[in-house]
Amino acid sequence: MAFLQISEPGQSAAPHQRKLAVGIDLGTTNSLVASVRSGEALTLPDTKGRYLLPSVVRYLDDSEVIGQEAKQQASIDPSNTIVSVKRFLGRSVKDIQTAYPNLPYHFTDSLSPVMSVASGDVNPIQVSAKILNELKSRAEKTLGGELQGAVITVPAYFDDAQRQGTKDAAALAGLKVLRLLNEPTAAAVAYGLDSGQEGIIAVYDLGGGTFDISILHLSKGIFEVLSTGGDSALGGDDFDALLVEFIRQQSQLTGELSKSLHRVLLDKAKEAKEALSHEPVFTVQFEDDAGKHISVMISIDIFEQLIAPLVKNTLRACRRALKDAELVKQQVIEVVMVGGSTRVPSVCQQVGDFFQRSPLTSIDPDQVVAIGAAIQADVLVGNKPDSDMLLLDVLPLSLGIETMGGLTEKVIQRNTTIPVAKAQEFTTFKDGQTAMMVHVVQGERELVADCRSLAKFTLRGIPPMAAGAAHIRVTFQVDADGLLNVSAMEKSTGVHTEIQVKPSYGLEDSEIATMLKASMDNAQQDMQARMLKEQQVEASRVQENLQGALDADGLFLLSTSEIQAIEAGISRLNELAKGTDKDIIKAAIQQLDKLSETFAQKRMDQSIKRAFSGQSVDRI
Amino acid sequence: MNHFELFNIPVSFDVDLSTLPQTYQQLQRLTHPDKFANGSEQDKLRAVQKNSQVNDAYSVLKSPLSRAEYLLSLRGIDLKHEQHTIKDTVFLMQQMEWREELADIADSSDPLGVLESLEDEINQTIKSDLAKLKSLLDSDHAMAEQNAANIIRQLKFSYKMLSEIALKEDVLSDF
């Protein structure tokens, strides 16, 4: 198949005709964009030579400031400056305020985390989209063209709601997501390909707001995640919070602090944390709300004592992850360190002690994730047709459904390799029941109340029967991005329902479309033009792939009349795609898909059989 | 295509675990959705579905318990969704003994040591059950399938005990 692609006209592999793709590390504290140029993955700097974009957005009346400038203004305009928004993705207001009680933002809704800022109301997905958009335009300027796609990294521990939020933010920013990739896997890619290692690798990722541990098996270009663990609400920000608390205690700052003083203290705490990674003592100086000058001395010993319980929590998670992978720590051949917080020397040392080997730190821990993502983006966009790299991720948290009494029944266990599909059968408990509620949750605990509620949906149109006679088969399909899709079918009648699972605190597709429209000038027209173009691109993709498939396997797998039918469908789509009605094109694509469904399935089975028959010939 | 066919191996309880991972890798390269990143939406969807079967098949074939259960399901005996009560009193007595031992672990002077010997004992039981399972699944005796089903049910309890022991060990050896 690779041969066909290369020989196709206009698809030469000349460097200037490479497709542009990037890897984006959408971080809690900082975000980065990287791309493979001349065979090397590099992070792309802004015009001032800075590659880190602080994940901070300041909203003014009719514009936004993003990055370093916004970060500098955070303490003078805290309520309009959204910092570390990643922590809020896929979370309810209650979750957020419990975890971070001192936030300077005005939440306007009691459930969904909508924040009131100078220009109006914004939600975490929109804020994340601003950051992604900034990186996208940086990349397009640097690379000199439109991006064909992006690999965006997420913490391995992100649940469905958080992943969906990330993907929606990318859609809002106008990015085509090639894959959501787990940050630790990306880091392993950045190291693994360079050193060409084989064996078990542990990736310890302590970022600003999240901690992940992943255990991977590397073999012949395949990165297989065996287990993951961690805490999506533990990171360097918590080190800062502990330092702020310490400074407050030492300077007897009791009671409520002004929002700006709180921000000043946070900045001072970060400064202290960074200084203490190379100095034994640091003195914090500031003025309190009454204008009184205060100075607090912090020694490295005190800092290490403060963070010791948190570091211990991370090591506990490492041990659990090893156990889940049925390995012992002696089998680990390398430990990869990721995330700015691994710069804290005592963290690095304790991780080294735990695994009994010195961790790898040769790639900048801030850049390693983006670099790995760029390498995969380059492969996925099609610049390296001969690459044998393949990344197999796992589901980080079990998926389940609510059963009687508020208990969870697990449908897919955590650490299952994705994509994965599992079906579950339900029945009615009343005579004549025609609808049924299904509540999908994610988490490890037995009580539904202790897990994250992903979605509730109602299965309707069940034919009225005696209690227990209807058999409803609900299929849970998780794709390679870790996103869930649910479909249901009543078995006796074959009635089929697709259910789109939208997390409780995310956005509906229609809301995304509305926001996209609002974000464009000449909204209506541009939007229509863009959607038409998308359908036309998809149509030509379908035609090319199908024609290629027919040329390769048509005669072997199909009858003459079947080939003719598909070819007629292709030329029909070809004609319709020249038109301007996107709905007609879409319908034609669907029709052709249906027409070629059996052929495509036969082809895939054939490719498997062919691979094995080649193998047995080798053995003979 | 059933799981065995997908992995190009005979339908049997005996599986060569040393070659299984290689076949798995090969199937991944052929079916993973990332290999269809530039394909049409339909191609991607199909890859997701086929690849899901590859993943499911691998996890089923890898473990002897799920492999045996799957073999029985191919022969029309579905243990997944059943409500079945075990009536074997010897086995039930054994279960109760193990559970009591696990519950009393906190009072022991050497809880980790007790857990370890309990683990050894259960592993022995599992080993002999798996051997019985193998001969039952190979046999064409009329009762073989029902007896195999019973052993699978018992094995599920034993594996559950093992995971509970692991949890206890986790709590006890916390640092």
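This is a quick briefing on a two-chain model, covering its confidence, its interface and a few local spots. The model is predicted, so local features need pLDDT of at least 70 and side-chain atom pairs count only at pLDDT 80 or more, while totals for chains, interfaces and linings use all residues. Residues are numbered from 1 along each chain as its sequence is written, chains are lettered from A and ligands numbered from 1 in the order in which they are written, and side-chain values use heavy atoms, with hydrogens and water left out.

**Confidence in chain A**

- Chain A averages a pLDDT of 86, and 90% of its residues score at least 70; pLDDT is the predictor's confidence in each residue, from 0 to 100.
- Helices here are DSSP runs of H or I with at least four residues, strands are runs of E with at least two, and both are numbered from the N terminus.
- Residues 1-16 of chain A have pLDDT below 50, and beyond near neighbours in sequence this stretch has nine contacts in the model. A contact means heavy atoms within 4.5 Å.
- Residues 616-620 of chain A also stay under 50, and there the model has zero contacts beyond four places in sequence.

**Where chain A meets chain B**

- The contact draws 47 residues from chain A and 42 residues from chain B.
- Between them the two chains bury about 3900 Å², with 53% of it on carbon and sulfur atoms. Buried area is the accessible area (1.4 Å probe) that two parts lose on being put together, summed over both.
- Arg319(A), Met604(A) and Phe612(A) supply 17% of the area that chain A buries against chain B, more than any other three residues.
- Four salt bridges run between chain A and chain B, where a salt bridge is a side-chain nitrogen of Lys or Arg within 4 Å of a carboxyl oxygen of Asp or Glu. Lys50(B) makes a salt bridge with Asp605(A), with the closest N and O atoms 2.9 Å apart.
- There are also 14 residue pairs in polar contact between chain A and chain B, both residues at pLDDT 80 or more. A polar contact is a pair of N or O atoms within 3.5 Å; within protein, one must be able to donate a hydrogen and the other to accept it, and residues adjacent in sequence count only if both atoms are side-chain atoms.
- The elements of chain A that each supply at least two residues to the side touching chain B include helix 9 (300-324), helix 13 (523-557) and helix 15 (582-619). Helix 15 of chain A gives the most, with eleven residues.
- That side of chain A divides into 19 nonpolar, ten polar and 18 charged residues. Ala, Val, Leu, Ile, Met, Phe, Trp, Tyr, Cys and Pro count as nonpolar, Asp, Glu, Lys and Arg as charged, and the others, Gly among them, as polar.

**Buried spots**

- In helix 10 (residues 345-355) of chain A, the buried residues include Val347(A), Val351(A) and Phe354(A). Buried means under 20% relative accessible area, exposed over 50%, and partly exposed in between (1.4 Å probe, protein chains only).
- The cover over the buried residues of helix 10 of chain A includes strand 12 (199-206), strand 13 (211-219) and helix 7 (236-250) of chain A.
- Gln356(A) follows helix 10 of chain A and has a positive phi, near 60°.
- Thr210(A) sits in the loop between strand 12 and strand 13 of chain A and is buried, at a relative accessible area of 7%. Leaving out residues up to four places away in sequence, Thr210(A) touches Pro155(A), Asp205(A), Asp231(A), Ser232(A), Leu234(A) and Gly235(A).
- Asn2(B), in the segment before helix 1 (3-6) of chain B, is buried at 16%. A polar atom of the Asn2(B) side chain lies 2.9 Å from the backbone nitrogen of Glu5(B).

**Salt bridges within the chains**

- Over all chains, the structure holds 38 salt bridges.
- Arg343(A) and Asp364(A) pair up at 2.9 Å, N to O. The two residues are 21 residues apart, in the loops on either side of helix 10 of chain A.
- Lys134(B) bridges to Asp14(B), with the closest N and O atoms 2.8 Å apart. Lys134(B) is in helix 6 (residues 111-138) of chain B and Asp14(B) in the loop between helix 1 and helix 2 (20-31) of chain B, so the pair ties together parts 120 residues apart in sequence.
- Asp46(A), Lys48(A), Arg50(A) and Glu69(A) are linked in a salt-bridge network.
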